Amino acid sequence: MDYGFDFTNDICYISVFNGKEIEDLDCVSCPSTLDERILFAEEYRKEETDRAVLVIEEMTKEALACHQPGILLASKEQAFAAYLFEQSNPIWKRETAAFEFHKNYFSYLQFKLQGKACLVEKKQEMIVELQSEKSKDKFFTKQAADRLNHGSIANVFLVGEEFEGEWMKMSLASLCSGRRVFMGNHLFANGAVFLLKESEQKYTVYTRDHHLYYWGIRAFHHGQKDVFVPIIQPGEFWFTTEGSVRILLDECDVLEIEGIHSITRQKLNIKLPLHMKQQYPTRTTKLKIQMYCTGSKTLKMIVHDMGFGMTREGKGIIYQEEFKLP
């Protein structure tokens, strides 16, 4: 049996796949910590061959490091993409969005294709509990207008217990205008189960937590001039993205770091002033350039003066700065 668990706040939606079809179970209350949620899912597994995917609100370094036999962790974005790709009617070929509405919790996910890349962006916020149906309708009408009226979204999914009832008066009219709207609470739990299917991946899924830039420098490398030497490769989660390179300085007191977005091909240039040009003879300064992400949109660079063998001791860190990305 394969199980999909969608955890949000203290509610869990569960889907089960028996090899032929998916069954959606009733939602239940659940613990909030990751360790407790893993134990919660373990109680459903009866056989060693049973597998489970836990969908969590946010992918973290600690979650990525979790290695529990038979249990995988996934983000909402990954589960959303898996659900869409599994639909017989390929609605994912057009831009698709999902609103998730729980008590005190609201999020918006947008799915779109660019070449062989699938981008899933997510924005979430904690909200004050909305007591009346009118306040819900007013809140959601504004959210739908802000997210949908300036784009080309063709399909919208509504997920979460707060969408239940008949309170959507103003919002439903604008939501359905020129779009197909689907409602159901087990979208992410279904997507979790689909993540376990062994099928050829036509598209690579990237989320807000992935770093998508190549970073490197132009240098004389292996006998050739102006070679792009990579420091960081794209495609990893930001909290695992890091790299370094060592160079021999040659009549240069400013290092220029180049960045290239792996999908849009947007180029960025960052100049690092070193103020070392006249201090030492040519090619007697070895530098280590270290780069790592400090957030999904922030990058830190550190330059170390490594010295030059036995003739000169290095100064250590000579430059460091954190940069914001677009």
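The predicted structure contains 32 aromatic pairs. In one of them, the ring centres of phenylalanine 106 and phenylalanine 139 are separated by 5.1 Å, and the ring planes meet at 85°. Since planes over 60 degrees apart count as edge-to-face, the pair is assigned to that class. Phenylalanine 106 belongs to strand S8 (residues 105–114), whereas phenylalanine 139 belongs to helix H4 (residues 133–148). The pair therefore ties together parts that lie 33 residues apart in sequence. Phenylalanine 106 has a relative accessibility of 1% and counts as buried. Phenylalanine 139 is likewise buried, at a relative accessible area of 18%.

A further pair is formed by phenylalanine 157 and phenylalanine 182, with ring centres 4.8 Å apart and planes at 20°. Because planes under 30 degrees apart count as stacked, this pair is described as stacked. It links distant parts of the chain, with phenylalanine 157 in strand S10 (residues 155–159) and phenylalanine 182 in strand S11 (residues 180–183), 25 residues apart. Phenylalanine 157 is buried, with a relative accessible area of 6%, while phenylalanine 182 is partly exposed, with a value of 29%.

Phe157 and Phe182 also belong to one aromatic cluster, together with Phe80, Tyr83, Phe85, Trp92, Phe111, Phe188, Phe194 and Tyr203. Lysine residues lie over two rings of this cluster. Lysine 76 is positioned over the face of phenylalanine 188, 4.8 Å from the ring centre. The charged end of lysine 116 is placed over the ring of tyrosine 203, at 5.5 Å from its centre.

Phe188 and Phe194 are among the buried residues of H6. This helix (residues 187–194) is mostly covered, with eight of its eight residues buried. The buried set also includes Leu187, Ala189, Asn190, Gly191, Ala192 and Val193.

The loop between S11 and H6 contains glycine 184. With a relative accessibility of 30%, glycine 184 counts as partly exposed. Leaving aside residues up to four places away in sequence, glycine 184 touches Leu158 and Val159. The C-alpha atoms of glycine 184 and glycine 295 are 33 Å apart in space, and the two residues are 111 residues apart in sequence.

Burial is also found in strand S6 (residues 71–75), where four of the five residues are buried, so that the strand is largely enclosed by the rest of the structure. Strand S5 (residues 51–56) pairs with S6 in the parallel sense through five bridges. Within this pairing, valine 55 stands opposite alanine 74 of S6.

Glutamate 77 is located in helix H3 (residues 76–85). It is buried, with a relative accessible area of 1%. Its side chain is joined to that of arginine 208 by a polar contact of 3.2 Å. When residues up to four places away in sequence are not counted, glutamate 77 touches Leu109, Val120, Lys122, Thr207 and Arg208.

Antiparallel pairing is found in an open sheet of four strands with the order S15-S18-S19-S20. S15 and strand S20 (312–324) stand at the edges, each with a single partner strand, so one side of each has no neighbour in the sheet. Direction ignored, neighbouring strands of this sheet are turned by 15° against each other on average. Strands S15 (residues 242–248) and S18 (residues 286–295) run antiparallel and are joined by seven bridges. In this pairing, glutamate 242 stands opposite tyrosine 292 of S18.

S18 is also joined to strand S19 (residues 298–308) by nine bridges, again in an antiparallel arrangement. The two strands form a hairpin with two residues between them. Glutamine 290 stands opposite isoleucine 302 in S19, and the bridge partner of lysine 288 in S19 is histidine 304.

Conventions
Residues numbered from 1 in each chain as written. Predicted model: local features only at pLDDT ≥ 70, side-chain atom pairs only at ≥ 80, totals over all residues. Heavy atoms only, no water. Phe/Tyr/Trp six-rings, centres within 6.5 Å; stacked < 30°, edge-to-face > 60°. Buried < 20%, exposed > 50% of the residue type's maximum accessible area, 1.4 Å probe, protein only. Lys NZ or Arg CZ within 6 Å of the ring centre and 35° of its normal. Pairing = 2+ DSSP bridges. Polar contact = N/O pair within 3.5 Å; in protein donor to acceptor, adjacent residues only side chain to side chain. Contact = heavy atoms within 4.5 Å. Axes fitted to C-alpha atoms, helices over the stretch in contact; angles between N-to-C directions.
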